[in-house]
Amino acid sequence: VIKCKAAVLWKTKKPFSIEEVEVAPPKAHEVRVKIIATGICRSDDHVISGVLVMPFPIILGHEAAGVVESVGEGVTSVKPGDKVIPLFVPQCGECSVCLSTKGNLCRKNDIGPASALMPDGTSRFTCKGKAIHHFAGTSTFTEYTVLHETAVAKIDAAAPLEKVCLIGCGFSTGYGAALQTAKVEPGSTCAVFGLGGVGLSVVMGCKAAGASRIIGVDINKDKFAKAKELGATDCVNPKDFTKPIHEVLMEMTGLGVDYSFEVIGHTETMAAALASCHFNYGVSVIVGVPPAAEKLSFDPMLLFSGRTWKGSVFGGWKSKDSVPKLVADYMEKKFVLDPLITHTLPFHKINEGFDLLRTGK
């Protein structure tokens, strides 16, 4: 058992509490990892606010990089000392989804109706004598975590962990939504709703795919300069118009964009993104995590005329196969990660990090 520091969330709408936790050794087919760097993602904040419902107490975090400390019996893909990225979408290689070329959301994931435990139904974390829940099979807001072997990818030993941790969620999710899920073509027009870290990664993906026009949409105009630096050709603030934003985008493009991406997680922007793409062959992709207990209502004629509406989890990448390749692409300078990093804080300032997230900084 390792004793270490972790950010424990005891209940909703409360700050994290830095606690000493006990991390059990890995069981068969499990890996214990020392976390070196972890990103803060809005999906973690959704659990704090109650928008994403999880059991408490819990250790959140799912976008990280670290070093293998020890492995359980039967683990073959990694060994102690290997640099790794935890995978909140595992890849078991055996379920119907893993065996299909069409999808990537392995059946062994713990995202939807979550158990918030390891696959065997137990926890590896204890704090003050109480078992603590896992999050998305990863739980990276702790100095040590335990992952199932299907939820960890070995990466280049030379990779800077404080940068490539973003490949564990935000960057891959946005970049892949454009390249893998939407399959944006050269010369196409795109609209990206929400210009946070994931939205900016969508912009990079659209640019890498050769889109001729990339329109960023955000109510925070402070996001526009970086969006343009990364490839956005236009930026619009819905607050600057009296008419609905989909009408603004229709006027800007003629018949709507070829591809639209909702990277916020609000039902009203999901409907607006759908309405803003081409009436017949437009594709709209939901990237932001939808809020629990909310339903969408929209005019079915929007789909009847031919539009495609789809979702994307982890950018459509098969995680264990793709993460090492994305890290290799980063090392070959095929894309940048630095512009996505606004602040680097010590672990004990995690609550300040979430404050910065909530204020759009």
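The second largest pocket holds about 240 Å³ of space. A pocket here is an open set of points on a 1 Å grid over the protein atoms alone, where a 1.4 Å probe fits and protein lies on both sides within 12 Å along at least five of seven lines; lining residues have an atom within 4 Å of a point. Grid points are joined across faces, edges and corners, and the volume is the space filled by probe spheres set on the points. Of the 15 lining residues, the closest to the pocket's centre are Lys102, Gly103, Gln180, Lys183 and Gly316. This is a predicted model, where local features need pLDDT of at least 70 and side-chain atom pairs count only at pLDDT 80 or more, while totals for chains, interfaces and linings use all residues. Residues are numbered from 1 along each chain as its sequence is written, and side-chain values use heavy atoms, with hydrogens and water left out.

So what is the lining made of? It divides into three nonpolar, eight polar and four charged residues (Ala, Val, Leu, Ile, Met, Phe, Trp, Tyr, Cys and Pro count as nonpolar, Asp, Glu, Lys and Arg as charged, and the others, Gly among them, as polar). Helix α4 (170–182) and strand β15 (308–311) each supply at least two lining residues, and α4 gives the most, with three. Helices (H or I, at least four residues) and strands (E, at least two) are DSSP runs, numbered from the N terminus.

Taken over C-alpha atoms, the domain centres are 28 Å apart. Ten residues from domain 1 and twelve from domain 2 make the contact, meaning heavy atoms within 4.5 Å.

Follow β15 next, and you reach an open sheet of six strands, paired in parallel in the order β12-β11-β10-β13-β14-β15. Two strands pair if DSSP finds at least two bridges between them. β12 (234–236) and β15 are the edge strands, each pairing on one side only. β14 (283–286) pairs with β15 over four bridges, and Val285 stands opposite Lys310 in β15.

Two helices pack on this sheet. α5 (197–208) touches β10 (189–193), β11 (213–217) and β13 (259–262), its direction making about 170 degrees with that of β10. α8 (267–276) touches β10, β13, β14 and β15, at about 175 degrees to β13. Axes are lines fitted to C-alpha atoms, for helices over the stretch in contact, and angles run from 0 to 180 degrees between N-to-C directions.

Definitions and conventions. Domains from an automatic or database assignment.
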